[in-house]
Amino acid sequence: MADVILENIEKTYGGHTVLPNLNLTIEDGEFVVLVGPSGCGKSTTLQLVAGLDTVTSGRILIGGRDVTYAPPKDRDISMVFQSYALFPHMTVEQNIAFGPKLRGEPKGKIAQTVREIAAMLQIDGYLDRLPKALSGGQRQRVALARSLVRHPGVFLMDEPLSNLDAKLRIEARSLLARMHRDLGITTIYVTHDQSEAMTMGARIVVMKDGRIEQADPPLTVYNHPKTRFVAGFIGSPAMNFFDLVATPDGLGDDHGRVRLDRMGTARGKVTVGLRPEHIRLLDKLPGAESRNVVSMTVDVVQRLGNETLLDVVSGPFRAIVRADALAQAEPGQVRQFEFDMNAAHLFSTDDGQRIEAA
Amino acid sequence: MFNISNGIGRRTVFRLMAASALCMSAVAGSAQADPVELRYFYRAPWPSSEVYANWLIDQWNAKNGDRIHVTGASVDGETYKTKQAIELASSSPPDIFYSWEGGRAAEVIANGFAADLTPYYEQYGWKDALVPASVSLATFDDKQYFLPTEIGASVVWYRTDIYEQLGLSVPTTWDELMANAEKIKEAGITPFNLANQKKWPAQFMWSAILVNKYGLETYDGLVNNTIPWTDPRAVDVTQMMVDLAQNDMFEDSFNSVDLAPAFVPWDQGKVAMWYQGSFNLGAFRGESEKCCTAPMSFFPMPAFPDHDPVMSVFAEDTLMIHAKSPHKDEAAEFLDWIVSQQAMTEKLAIDKPFPSRIDADLTSLSQMEQDLGKAIAGAGAFTFMHVDHAVSPAISDRFLDAVQGALAGAISPEDAMKMTEEAAIRVRGEVLAQAQN
Amino acid sequence: MQISNMLGLDWLRQNAFVAVFGMAVPTIIFLLFVGYPILYTVYLSFFSWNGADGAKTFIGLQNYTDMWNDSYVWTALKNNFRWLVVTLIFPVVAGYSIAYVLRARLVPFPALVRTVIFFPVTMSLIAVGLMFLLILNPMFGALNVALESLGLGFLIREWFGDHRIAIYTLAFVSGWAFTGMPMIFYFAGLGDVPKETLDAARLEGAGHFRIATRIALPQLRPVTAVVVMLTIFESMRAFDLVAVMTKGAPFGSTTVLGYQVYLESFWNSRVGYGAAISTLILVLSAGLAALVLSRLMKGAFDG
Ligand SMILES: Nc1ncnc2c1ncn2[C@@H]1O[C@H](COP(=O)(O)OP(=O)(O)O)[C@@H](O)[C@H]1O
Ligand SMILES: [Mg+2]
């Protein structure tokens, strides 16, 4: 059991800065998800924690111990890789027992632990097989078993589910969740998939270009995104943004296509964010007094069965609207949409920071 | 690096000369009708050999190119044999080609590649012009088959400074030689260089001892298949060589030292004597103007009681005319140019001694070399070749291996000679076995 | 479906160009440049021929029975195997180690090191041989001087003169010149080994030695198979170094089959006999290659 503290971590590769200055504290037993677009530095961060790479500057503490320059094996961590990284020439049993053997644990004890963990992960039937004779899900569980066998203080997982098909991924998610609940091991989990991040993390750390944009519980990140980037990254379909100008009269664009109620005291260029479910397709023409209604052209209709997604456009504006499964809309139609301004988010157009409307 | 090559400067000058001569000949020959084309296939073991061959060809072409035009092609010593086998058997063989003396020449003659040169020996008077020993080497069944162009001899080279310092005098008997060697060894100097890594050097001393101790007839009997190699006399000579080795008469690790590096301790005065061929004079001369880098002289291998000393003279470079050449007369004319006095004198300036012509002008050489030249010319027709020249390689290779093995103490002298005899029996069939019965 | 179609004839007809240039031409070239010389060598091995005149005499298996009784061929055969053992160990181990060290970035200037190590592969063996004649020279060779100055003078041997070690000296020189070859193969191969498997082993506490031998090497079996094949061919056709450095000396103890072929064919004018020894080399190489294919390659390319 251990907490992890990253202090002023900088990492550069030959002049190219990947992490400019990263600070993050992970509590003992916490399940933290690093999420962000590909190339934002998630794996690099994990590699630094694991000790597979060394920082350019900064400090890493695990369980209160400075391990910045300690070799991986002395960090009390274990890691699950996206590719599973099973040793292809070893059987499942040999794969799991590789570490314990190396550490000189007694044979009998190794055999017992391997059996227990294999049983827990339901791979005890395949101990004599080579990895190539296993399915993707089984390989994934072997990889889990191999990293569990050393009872690490910190569990590092780099996109462990992204090689699984959708169905297995759901299963594996709950397996990991159960494992964390039962064992309570501090976990740093990397994914580029925001929905995975939402469902798995006790806390989500959203990264962009090597910087942490926000580190909060999932619902906080969803409901109170600190930046326009986070707002756009978390949630699917993504939040819709409208670059508008705020005046004392309200929010609007130059051509009068959009007119919205004013939000707080912000003035000048602002970006309004609205999730697809907060834009409502109106069945009939609204009354004259109706507010926050925008007229837009339906471009594409995606019927998903349980709901319908409409791609709508108006001049430079583009939005996705979540509508009922049976919503009456055809491409090419010009329709009226009501914006739920109570659920709207406001960001500065210049720096993308959230503007509190209250 | 090991004083093997002559000075770069000299070589370059001759290259340039050769090139300009070539240009001149091209201009001179342009107006003429088709000349006879001769192909001259020579061996160039040293850089200087190449320069000299080019000089020969260019001079000839400048003078006679409109009538008889010569094109040369060379290979170094090592690859010659391989190339020769292919070229000689080809449908357009060279008109003139290098051949070894002795057993290898006999092989070429037996295969019908060599034209009988006896008429040309008559026509050009080569018999009288050339060193008698070399003519006798060219003679097979009373006919001459090659023209010796360079000859050599094996002698005991010695460091005059060491001899002087130790108060030694030039030995005239084997026992005196051995007494000198003992004193040299006591003085902490190696008595003899052997440099036997490539296994051929040891045979020089072996054959010289055999000829001088048991007579030329005995040696001829061995190489001409009338005496088996297992003969006690051959075993005895091998034993003598082994005794010398065990008595530290040769340098340390003599089976690991190649010829070229052995010149280093020689030049440093760490070795007093060396029984080797005169073809090493280029290396002894090194970068010096005249021979030699180290103060040195030579004496012939001293005699044993009851025997006259015999010097080993060999034809180092020999030329044959191909039996299938359509231009034998023209080829002979070119050969006569090669052994002309002018060409032979030039050879001394460019290449190394010794010319095969009796009346070649040796005055450009050091006194020692002139003395040796005279000794060779005066050696008479009685001589012997070292084993690897005298017999076919199938036998001599085994012989060389066997002697090297005996010197290393890996096999007994008896077994060494038995090994040689086995190879000989395979090559020459049952002839000798019957003669023995 | 028509029979012709089932046989692929339709496909062939439609793809005549591919059929001719893709299959027929390579086959013909192979037969012409590889098959014919091999068959001719085997054919010659049943004759007695001096290589000069036209007279070849058919002597059946005489050359082969001669070979059986030829102590030089036996020595050469043993030497080829000694050579093989040395070159299977020294350059392959060294080449792999260097490749690993370069991949793991354990040395500075990896590109330079790689080039330097590979350079001897591009050198002619003649030049390599001459160079080592100097280095191993008993009088002033660099190796002995170095050993002496390191206080290891007791290790000095007659590298070429001692018939018990001369063949190993040659094999080591050959190994020196050959090290770049396995290195470059393993270097390329290591690039394809998933980095994560190496990282995973590192996390478990494996050091470089264990990662190199227990994790990376087992994943490189196809590369090892190719390297072993190359080494076999290299040592079975050994010739140049012997010709340059020892000519079989001391007393024939460093001869190899390739050198015997040369001696017999060109020096002793026994072309048929030389061809018989060539055939032996061929059979040995093919046999060993088959062995490697069946053992080492088995399953090497699976999953
Ligand atoms: N070893 C490396 N050398 C150079 N650049 C690297 C290296 N590893 C990662 N990078 C760069 O660092 C950035 C972050 O990579 P990474 O941490 O793998 O991103 P991700 O968030 O997708 O896991 C990328 O631009 C990548 O190209
Ligand atoms: Mg990544």
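Modeller: Over all chains, the structure holds 35 salt bridges, a salt bridge being a side-chain nitrogen of Lys or Arg within 4 Å of a carboxyl oxygen of Asp or Glu. One pair to look at is D70(C) with R398(B): D70(C) lies in the loop between α4 (62–68) and α5 (71–103) of chain C, and R398(B) lies in helix α19 of chain B, so the pair joins two chains. In this salt bridge the closest N and O atoms are 3.9 Å apart. Helices (H or I, at least four residues) and strands (E, at least two) are DSSP runs, numbered from the N terminus.

Before going on, some bookkeeping. This is a predicted model, in which local features need pLDDT of at least 70 and side-chain atom pairs count only at pLDDT 80 or more, while totals for chains, interfaces and linings use all residues. Residues are numbered from 1 along each chain as its sequence is written, chains are lettered from A and ligands numbered from 1 in the order in which they are written, and side-chain values use heavy atoms, with hydrogens and water left out.

The D70(C)–R398(B) pair belongs to an interface with a count of 1 salt bridge. There, 34 residues of chain B are in contact with 34 residues of chain C, where contact means heavy atoms within 4.5 Å. Of the 2 pairs of chains in contact, B and C share the most contacts. The two chains bury about 2,800 Å² between them, 59% of it on carbon and sulfur atoms. Buried area is the accessible area (1.4 Å probe) that two parts lose on being put together, summed over both.

A cavity, on a 1 Å grid over the protein atoms alone, is a set of points where a 1.4 Å probe fits but cannot get out; lining residues have an atom within 4 Å of a point. Its volume is the space filled by probe spheres set on the points, which are joined across faces, edges and corners. The second largest cavity has a volume of about 80 Å³. It is lined by 15 residues, and those closest to its centre are D397(B), R398(B), D401(B), Y72(C) and L263(C). At least two lining residues come from each of α19 (393–407) of chain B and α15 (257–267) of chain C. By class, this lining has 4 nonpolar, 5 polar and 6 charged residues. Here Ala, Val, Leu, Ile, Met, Phe, Trp, Tyr, Cys and Pro count as nonpolar, Asp, Glu, Lys and Arg as charged, and the others, Gly among them, as polar.

For scale, a search of the whole structure finds 9 cavities of 30 Å³ or more. The largest cavity holds about 160 Å³ of space. Among its 16 lining residues, Y40(B), R43(B), Y52(B), T149(B) and D317(B) lie nearest its centre. α2(B) gives the most to this lining, with 4 residues. The lining of the largest cavity has 9 nonpolar, 2 polar and 5 charged residues.

The other interface is that of chain C with chain A. Here 18 residues of chain C are in contact with 23 residues of chain A. The area buried between these two chains is about 1,800 Å², of which carbon and sulfur atoms give 67%. On the chain C side, R202(C), L203(C) and E204(C) lose the most area to chain A, together 41% of what that side buries. The rule finds 1 salt bridge across this interface. It is formed by the side chains of R103(A) and E204(C), at 3.1 Å from N to O. Chain A and chain B do not touch, and their nearest C-alpha atoms are 48 Å apart.

Last, the backbone has a few points to note. In chain C, F109(C) has a phi near 50°, a positive value in a residue other than glycine, and F109(C) sits in the loop between α5 and α6 (110–122). In chain B, a cis peptide bond joins C291(B) and C292(B), with omega about 5°. Another cis peptide bond joins S236(A) and P237(A), with omega about -5°. P237(A) is in the loop between α8 (228–233) and β11 (240–247) of chain A.

Conventions. On a 1 Å grid over the protein atoms alone, a cavity is a set of points where a 1.4 Å probe fits but cannot get out, and a pocket is an open set with protein on both sides within 12 Å along at least five of seven lines; lining residues have an atom within 4 Å of a point.
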